[in-house]
Amino acid sequence: KTKKKLIKIKEHPNYSLNKTKILDKILSKFFSLLSVFFKNQIILSNIGVTFLQNIKVNLFLRQVPLILLEPEYEKKKIDIIKRKKFFFKLRKNKKNFEDFFDNIIHLLIPKSYLEDFHSINQSLEKSFWPKNCEKIVTAFDYKIRDVFKIWCAKMVSKKAKYIILQHGGNFGSSEYEIEEDMQKSVAHTFLSWGWKDKIHRNVKPFCAFHLNFIKKKKHAPNNSLLICIHFNSKYSYRISSVPKTNFDRLNRLLQIKDLILNLDRKLSITLRYQKYLEKSFELKFNRNFFPKHINYDISENHIKKIIHKYCLVIHDADSTTFLESMFLNIPSILLLDRKIDKFRPKASKFYKELEKKNVVFYNSKKAANFIKKINHSVDDWWLDKDLQKVRINFCNNFVKYSKNPIKDFRKILN
């Protein structure tokens, strides 16, 4: 008989994490002290701007900056027996989706709303987080912070108004977008980037708030192209006008590959993809799928820091990145798929106008031929008066500019 040796793995302390925790504790004490003397009535949480910009916005609203640092709470173990007792329903017909859902719903409910709910509530009561306020504004926390959502629900029950800022693309244009529908249904007011909604009266046209803080730079007059690829899952996970199946995902990658193969090899082409999403999607980006002469950008820097370094930017989705390009007036091409990328009737006319001006394409070879045609005269094409008129009209509806975003923000909150 052979004895199995147990290998002990020595865990190295995460010093960066420890530093963050220490800093959070110091800041928490600081904000706790401030909250004793100052009672903010408008709470800004993750509105898409930097720390310093957040301070500036708060001061302009005539209140002391308050950062909602998450309080520590006791994390409980998942109680499967109790979950089954309250939520499990045994259904024999597994082919029926609703029956299947009844069988698994007890496994899907977040721990924050069951086992940890009481602990989170207790931590909030002890924390410096406001116990009353008039308005709550966020651009991201409506979905990524359970502690915030629990606190927000409490404040809304006390008559606080919940305001959500649009934070990205596809909203107001996509034929269907479940995330947009969810936000419009839970918020008292939804501030769009310029578009209107006759059905949902709580949608108010505003500006692309956080984009208005970006300093515009002139793009480089070189011969380099940037192709922005979006990381899509192999599985269906979102009801929206985006790739929903693995076939859709692969077809979109093939479309980009065809584009590259039809371009001049002398062009300096950089392919940008979100490497940090590989773990979340359990999927590695396959560089061998593309020609060897391609350069890669793994999204270590925000797009706003590098986009001006290229003479032309190509996008594979009607995304935030495309809207940023249009907003910053960077020569851009949007390569779409008619079977996937579908627009609502009121938005469709704007994209048709862009298609007429060779900004939107549905065929990779046609897009490649056009790029070869304008290779040495990108600015002549992009700065054409008619094209710029179409771009400005598009931006006014989907990614609006503001001369004074903070002043407009205060005005719309009042």
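Reader: How many bridges join strand 6 to strand 7?

Author: Strands of a sheet pair through backbone hydrogen bonds, either parallel or antiparallel. In this predicted model, strand 6 (residues 224–228) and strand 7 run parallel and are joined by 5 bridges.

Reader: What is the strand order in the open sheet?

Author: The open sheet has 5 strands in the order 1-2-3-4-5, and the pairing is parallel. Strand 1 (42–45) and strand 5 (203–205) stand at the edges; each has a single partner strand, so one side of each is without a neighbour in the sheet. On average, neighbouring strands of this sheet are turned by 20° against each other, with direction ignored.

Reader: Which helix packs on that sheet?

Author: Helix 7 (residues 146–157) does, touching strand 1, strand 2 (135–138) and strand 3 (161–165). The direction of helix 7 makes about 150° with that of strand 2.

Reader: How many bridges are there between strand 4 and strand 5?

Author: Strand 4 (residues 189–192) pairs with strand 5 in the parallel sense over 3 bridges. F190 has V203 of strand 5 as its bridge partner.

Reader: Now for helix pairs. At what angle do helix 2 and helix 17 cross?

Author: The axes of helix 2 (residues 51–60) and helix 17 (residues 405–413) cross at roughly 50° and come within 10 Å. An angle between 35 and 65 degrees is neither roughly parallel nor roughly perpendicular, and the two helices are therefore oblique to each other. Their crossing is right-handed.

Reader: Which residues make the contact between them?

Author: Helix 2 contributes K56, V57 and F60, while helix 17 contributes I406, K407, F409 and R410. By type, the residues of this contact are 4 nonpolar, no polar and 3 charged.

Reader: At what angle do helix 3 and helix 4 pack?

Author: Helix 3 and helix 4 (residues 97–108) pack at an angle of about 135°, and their axes are 9 Å apart. That makes helix 3 oblique to helix 4. Helix 3 passes helix 4 in a right-handed crossing. On the helix 3 side the contact is made by I80, R83, K84 and F87, and on the helix 4 side by D102, I105, H106 and L107. The residues of this contact divide into 4 nonpolar, 1 polar and 3 charged.

Reader: Loops next. Is N375 buried or exposed?

Author: The cut-off for buried is under 20% relative accessible area. N375 has 18%, so N375 is buried. N375 lies in the loop between helix 14 (364–373) and helix 15 (378–382). Leaving aside residues up to four places away in sequence, N375 touches N223 and L267.

Reader: What is the phi of N46, and where is N46 placed?

Author: N46 has a positive phi of about 50° although it is not a glycine. The place of N46 is in the loop between strand 1 and helix 2. With a relative accessible area of 35%, N46 is partly exposed.

Reader: And where does R62 lie?

Author: R62 lies in the loop between helix 2 and helix 3 (80–87). R62 has a positive phi of about 60° and is not a glycine. The relative accessible area of R62 is 74%, so R62 is exposed.

Conventions:
Residues numbered from 1 in each chain as written. Predicted model: local features only at pLDDT ≥ 70, side-chain atom pairs only at ≥ 80, totals over all residues. Heavy atoms only, no water. Pairing = 2+ DSSP bridges. Helix = DSSP H or I, 4+ residues; strand = E, 2+ residues; numbered from the N terminus. Axes fitted to C-alpha atoms, helices over the stretch in contact; angles between N-to-C directions. Contact = heavy atoms within 4.5 Å. Parallel < 35°, antiparallel > 145°, perpendicular 65-115°, else oblique. Left-handed = near helix turned anticlockwise from the far one by under 90°. Nonpolar A, V, L, I, M, F, W, Y, C, P; charged D, E, K, R; others polar. Buried < 20%, exposed > 50% of the residue type's maximum accessible area, 1.4 Å probe, protein only.
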